[in-house]
Amino acid sequence: MADLTTTFCGITSPNPFWLASAPPTDKEYNVRRAFEAGWGGVVWKTLGEDGPPIVNVNGPRYGAVWGADRRLLGLNNIELITDRPLQVNLDEMTRVKKDYPDRALIASVMVPCEEAAWKEILPRIAETGCDGFELNFGCPHGMAERGMGSAVGQVPEYIEMVTRWCKETTDLPVIVKLTPNVTNILGPAQAAKDGGADAVSLINTINSITSVNLDTMSPEPMIDGKGTHGGYCGPAVKPIALNMVAEIARNPTTHGLPISGIGGVTTWRDAAEFIALGAGNVQVCTAAMTYGFKIVQEMVSGLSQWMDEQGHTRVEDVVGRAVPNVTDWQYLNLNYVTKARIDQDACIKCGRCYAACEDTSHQAISMSPDRVFEVMDDECVACNLCVNVCPVEDCITMETLTPGAVDERTGKTVEEEPANWTVHPNNPSATAAE
Ligand SMILES: Cc1cc2nc3c(=O)[nH]c(=O)nc-3n(C[C@H](O)[C@H](O)[C@H](O)COP(=O)(O)O)c2cc1C
Ligand code: SF4
Ligand code: SF4
């Protein structure tokens with residue numbers, strides 16, 4: 001059976017599933033129950049400065065986006081960092097770490113962008129016995145307006161500076177949690193590396209307004225008639241997170257920097273995808289908030305079973321496996337030709353593929369009077385829109401034309417040799433293939 005034990009930037013946990021810093025890791029009661037359920041580690045809900053505790057709103061703090069089956073696809077929140085006194089959290093962390101020495105306990109921290117503030121708090125937190133720090137440069141609401149969270153994460157110079165202060169202060173691993181609210185994630189990732197970070201974790205939440213109440217004309221969640229942008233997370237953000245993780249993993253100067261993948265992880269498969277794109281472990285928040293702590297058991301058994309089937313004995317064997325296959329558009333093989341194929345036995349004759357292709361794609365699906373839908377190869381550009389709108393899984397698939405076959409749309413014979421845009425005759429600056 002595959003060994004899921006993971007050592008992430010020097011921190012060992014029995015599996016690669018950590019709870020992200022958020023309500024699930026807010027207090028001892030939660031974290032103990034999470035560990036009993038099987039989570040490999042937790043990043044404690046972000047700790048702030050000592051002093052008067054943070055104040056949260058007293059009305060709703062979540063907005064949501066659902067699928068047609070009411071499944072939660074995206075969650076938006078306006079919650080701040082911990083609103084519990086620092087010492088209470090520290091005492092609880094100490095007790096939990098003592099009772100669960102084999103689990104990873106990471107302290108998430110956010111204090112003002114002042115050297116003394118960071119240098120004062122880290123040693124105090126380290127006394128809990130925690131395994132490392134995660135610097136929260138990601139929260140996009142509330143704290144950002146106070147010059148913390150994403151206000152730091154959006155300025156690479158600040159990231160580097162604060163990371164360096166922390167590395168000067170502690171021997172424990174320092175993970176820098178990045179905000180996705182930037183145009184290019186590589187700047188912040190590079191800054192974290194330059195500051196000496198042992199790893200980066202991403203993504204924190206994305207600026208968002210999930211809905212507007214049209215009766216009150218206020219964004220939701222609505223607090224006494226007003227709303228504000230919150231942070232978006234859950235399954236909907238996974239594609240954004242995967243891309244950012246992949247960008248860091250494949251960039252020559254950030255390649256090799258350990259990455260903790262966060263954003264929409266709900267199943268073992270999501271986790272495997274993050275790991276394949278370069279994450280050394282994953283963190284989970286929304287899935288635990290939606291389905292409870294025991295969801296980790298399916299993640300663990302699913303990942304383990306899949307690794308056994310694939311012949312992977314350790315998580316490290318999977319880390320980054322898909323990275324060499326992430327490329328830029330100009331290197332995609334333009335001699336790779338596919339056509340849509342409809343399984344007539346599976347088709348329920350709903351006509352969605354026809355409407356989509358006829359109205360918005362390439363008029364490549366015919367509809368007979370008795371509603372038989374067929375692909376016309378001489379029109380199909382293989383966009384796969386029909387596959388994505390068809391309500392029946394695997395009813396429409398894409399078939400690859402073998403070299404030597406003729407593409408009826410272009411009249412050209414499919415060539416064996418790959419050729420991409422860099423060598424395409426239409427490219428004015430065509431040079432050489434990758
Ligand atoms: C209600 C809520 C509170 C959060 N609070 C924090 C926080 O205090 N510190 C932090 O680093 N991230 C916080 N996050 C962000 C999560 O740790 C995580 O980065 C994000 O939710 C994406 O993961 P997910 O899609 O699995 O939820 C919070 C998220 C939610 C939903
Ligand atoms: S792949 Fe695109 S072009 Fe081809 S049939 Fe489907 S929707 Fe039409
Ligand atoms: S969308 Fe799928 S099920 Fe509906 S008509 Fe097309 S192939 Fe059939």
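Me: How do the residues of the shell around ligand 1 divide into nonpolar, polar and charged?

Reply: Happy to start there, with the reminder that this is a predicted model. The shell around ligand 1 is made of 13 nonpolar, 12 polar and 3 charged residues. Among its 28 residues, the ones that come nearest are A20, T46, C233, C285 and T286.

Me: What classes of residue make up the shell around ligand 2?

Reply: The shell around ligand 2 has 12 nonpolar and 3 polar residues, with no charged ones. It counts 15 residues, and C357, A364, C380, C383 and C386 come nearest. Two helices, α11 (352-360) and α12 (385-389), each supply at least two residues to it.

Me: Which residues come nearest to ligand 3?

Reply: They are C347, C350, R352, C353 and C390, out of 13 residues around ligand 3. By class, that shell has 10 nonpolar, 1 polar and 2 charged residues.

Me: Let me step back to the whole chain. How is the chain divided into domains?

Reply: Domain 1 covers 6-325 and domain 2 covers 329-423. The C-alpha centres of the two domains lie 40 Å apart.

Me: Where is confidence lowest in the chain, and where is it highest?

Reply: First the general idea: where pLDDT is low, the predicted coordinates should not be read in detail. In this chain the average pLDDT is 96, and 99% of the residues score at least 70. Confidence is lowest in helix α4 (residues 150-153), with a mean of 82, and highest in strand β3 (residues 17-19), at 99.

Me: Now the strands. Which strands form the closed barrel?

Reply: Follow the order β3-β4-β7-β8-β9-β10-β15-β16: these 8 strands form a closed barrel with parallel pairing. On average, neighbouring strands in it are turned by 25° against each other, direction ignored.

Let's take β8 as a worked case. Strand β8 (residues 132-136) is joined to strand β9 (residues 174-177) by 4 bridges, and the two run parallel. If you want a pair to find on screen, E134 stands opposite I175 in β9. Strand β7 (residues 104-109) also pairs with β8 in the parallel sense, over 4 bridges. There, A107 has F133 as its bridge partner in β8.

Me: Is β8 enclosed or exposed, and which way do its residues point?

Reply: The general idea is that in a regular strand the side chains alternate between the two faces of the sheet. In β8, G132, E134 and N136 point one way, while F133 and L135 point the other way. Because 5 of the 5 residues of β8 are buried, the strand is largely enclosed by the rest of the structure.

Me: What is the order of strands in the open sheet?

Reply: The open sheet has 4 strands in the order β5-β6-β14-β11, with antiparallel pairing. Its edge strands are β5 (62-66) and β11 (206-208), each of which pairs on one side only. Neighbouring strands here are turned by 35° against each other on average, direction ignored.

For a detailed look, find β5 and strand β6 (residues 72-77), which run antiparallel and are joined by 5 bridges. In that pairing, A64 stands opposite L75 in β6.

Me: Why do R70 and D394 count as exposed?

Reply: The cut-off is 12 or fewer C-beta neighbours inside 10 Å. R70 counts as exposed because it has 8 such neighbours, and D394 does so because it has 9.

Me: Which peptide bonds are cis?

Reply: Two to look at are these. The bond from L202 to I203 is cis, with omega near 15°, and I203 is found in the loop between β10 (199-202) and β11. A cis bond also joins E220 and P221, with omega about 5°. P221 is found in the loop between β13 (218-220) and β14 (230-233).

Key. Residues are numbered from 1 along each chain as its sequence is written. Chains are lettered from A and ligands numbered from 1 in the order in which they are written. This is a predicted model: local features need pLDDT of at least 70, side-chain atom pairs count only at pLDDT 80 or more; totals for chains, interfaces and linings use all residues. Two strands pair if DSSP finds at least two bridges between them. Axes are lines fitted to C-alpha atoms, for helices over the stretch in contact, and angles run from 0 to 180 degrees between N-to-C directions. A residue is near a molecule or strand if its C-beta atom, placed from the backbone, lies within 6 Å of it. Ala, Val, Leu, Ile, Met, Phe, Trp, Tyr, Cys and Pro count as nonpolar, Asp, Glu, Lys and Arg as charged, and the others, Gly among them, as polar. Domain bounds come from an automatic or database domain assignment. A residue is buried if 20 or more other C-beta atoms lie within 10 Å of its own, exposed if 12 or fewer, and partly exposed in between; C-beta atoms are placed from the backbone. pLDDT is the predictor's confidence in each residue, from 0 to 100.
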